[in-house]
Amino acid sequence: MPPSDDRRLQILDATIKRYQYQQDALIEILHKAQDLFGALESDRLLYIARSLKLPPSRVYGVATFYHLFFLTPKGRHQCIVCTGTACYAKDAAALVSVVKQSAQIQVGQTTSDNQLSLSTARCLGVCGIAPVVVFDDVVCGGQTPASVRDRVQEYLTLQRQ
Amino acid sequence: MDLSELLDIATQERRTQKPIQIRCCLAAGCLPCHSLAIKERLETAIATAGLADRVQVCGVGCLRLCSQAPLIRVDRADSPAASILYEQVTLDQVPAIIAALELDPAAPIPDPGAVQRGDLTHPFFAHQRAIVLENTGEIDPERIESYIAAAGYRSLHQALHEMSPTDVVNTITRSGLRGRGGAGYPTGLKWATVAKATADRKFVVCNADEGDPGAFMDRSVMESDPHRVLEGMAIAAYAVRANQGYIYVRAEYALAIHRLQIAIRQAQRLGLLGSQIFDSPFDFRIDLRIGAGAYVCGEETALLASIEGKRGVPSPRPPYPAERGLWGMPTLINNVETLANISPIIRRGADWFASMGTEKSKGTKVFALAGKIRHTGLIEVPMGTTLRQIVEAMGGGTPDGTSAKAVQTGGPSGGCIPASAFDTPVDYESLTRLGSMMGSGGMIVLDQTTNMVDVARYFMEFCQEESCGKCIPCRVGTVQLHQLLTKICEGNAVAADLELLETLCDMVKHTSLCGLGQAAPNPVLSTLNYFRDEYLQLINPDR
């Protein structure tokens, strides 16, 4: 395979090499690919399958089994509401509803203008500051319906400015 | 590295300790509350005021009382009893904290009310017995020297030079330590089984998946005292004759992963991991393996499949991992907290450990106390402490002062224990007898406003989503149970539905392949047992 100009592909290749093309490093490699490319789309999965000499079905099977892997890109901004037990006890469901209503999307979806994706997580382990919402990789504790609504509005209006 | 070099590092580190230590919690519960910025501002202010020769600001792990984050503790080397805990600290309170050190005789007397102070004599702190957490909140998790100064790696040296592998196994067996991941299997017995197995290679795996919602004990240990886990694994590997270890951490724990990576690198650099540790013939390497979001990977056979790069699907047992685990080789799998107990047991002896706790449940247990409780956070108590002591004395009861309704333990595999049973001592047998289980340590307090049928539905939804799909009882059973529970919650159910619910629970419990399915009905069964009236109220009598 000719060397690629795509820097991301070079980094992915270096990662695969670092793991010595071991098939059991598949999950680590999928993590890296997702970090680099934003999602695990079909060509990426096929590329990894070829590199590790694994059947594509096996790579696809692993990519679709785990919650943290996604096959289509997420929106520009991420909103992850923790729905663990401690957050559930502090009404995380209301926070999910607020995002659904404000952005007009269901859990697991992205707005049509690609601004915001909503997903849930089953316990991030920061129960002391429940209820928790992660906005773009930043963990925010003690969230209320109002604080979440404000943040979502901010994300939705950002592009139009 | 030999013992004298290790002790030199410890002495050197202790010599650099200043008379006053300002400890800032940098664990995952305080970091989102700007604790790092506060620490940095304190450092700048101390340097500017010329106090750096007398005051040291250091980042530490969990200071326990997460509901009052961010937390800072000021300790004085000459008077341990004079420690002050500051709660809910903000950036603009830094000058007040420094003024309260009273190091400048010319400065005005500081206002004691300027920063909220915690009560270190409160039962939340006073009833705790720190064994697993003895370094948490005390040492800097990113400096191996800090761990070594706290007697770190001393036990590993003792095991390698003064004990045979069999001696180590016997010590752990005599201590009575049982698995802290939830099942409570005797640790010494598991070690003995792996030690006896013959194979070309053996492995030690640390289960750091901690998937139970509401549990953050293992996260705290890994973030606050990562070397403790590494040392425990190394001692285990020596005992069972393994040379390769893996720590399987869930991907959601980015900070824990980061701290473990630093710790492994530091240990390797000092020759405390790798080849010929402490100049003995023993080699041991540890690699990290990251999860990808699957609760079922907390189940040991699914975890091993995940390390092998496959779908996290459990396998039937026997054969147990102790005989045939990773790549078919004998594998020892222990939970983070179990491994965190190993170095103190080696250092202080099996009898010391067995002197704590109850007859069948020795030692202490770390709990993550959360939910409708005033004091949310991390506690470590001797086994045998009652639920009432934990919820009312330590936890301070519910925030609005109403009585707690129940306590949920064991996560989605556990059950709800009603307030009427709060005088039950916490130990493996007592909690199982009540229809719950110890579990990994998540303890969620529920109040009078909680709908217990909805709690059952919530956990069933979780199990349904997390089911790997391999066996029909779990794959289909959890879906049907969830639909029935939803039907009940929405007021559309009749008596026959309740009967069906109970029959289905029984079937799923007894025919599922692995612990996820087998325990999925537990929250339903326990709420049916103690809160049946809430179900009956939702059933339609007329249809």
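Visitor: What makes up the domain assignment of chain B?
Guide: The assignment gives domain 1 (17–120), domain 2 (144–353), domain 3 (359–447) and domain 4 (452–538); such bounds come from an automatic or database domain assignment. This is a predicted model, where local features need pLDDT of at least 70 and side-chain atom pairs count only at pLDDT 80 or more, while totals for chains, interfaces and linings use all residues. Residues are numbered from 1 along each chain as its sequence is written, and chains are lettered from A in the order in which they are written.

Visitor: How do you know that domain 2 of chain B is in contact with domain 4 of chain B?
Guide: Two residues are in contact if their C-beta atoms, placed from the backbone, lie within 7 Å. In chain B, 10 residues of domain 2 are in contact with eight residues of domain 4.

Visitor: How do you know that the span of helix α11 of chain B agrees with its 16 residues?
Guide: Helices are DSSP runs (H or I, at least four residues), numbered from the N terminus. The expected span is 1.5 Å times one less than the number of residues. For residues 254–269 that should be 22 Å, and the end C-alpha atoms are 23 Å apart, so the span agrees.

Visitor: Which residues of α11(B) are called buried?
Guide: They are A256(B), I257(B), R259(B), L260(B), A263(B), I264(B) and A267(B). They cover an arc of only 165° around the axis, so they lie on the same side of α11(B); the arc is that of the directions from the helix axis to the C-beta atoms. A residue is buried if 20 or more other C-beta atoms lie within 10 Å of its own, exposed if 12 or fewer, and partly exposed in between, with C-beta atoms placed from the backbone. On the other side of α11(B), R265(B) and R269(B) are exposed.

Methods
Helix = DSSP H or I, 4+ residues; strand = E, 2+ residues; numbered from the N terminus.
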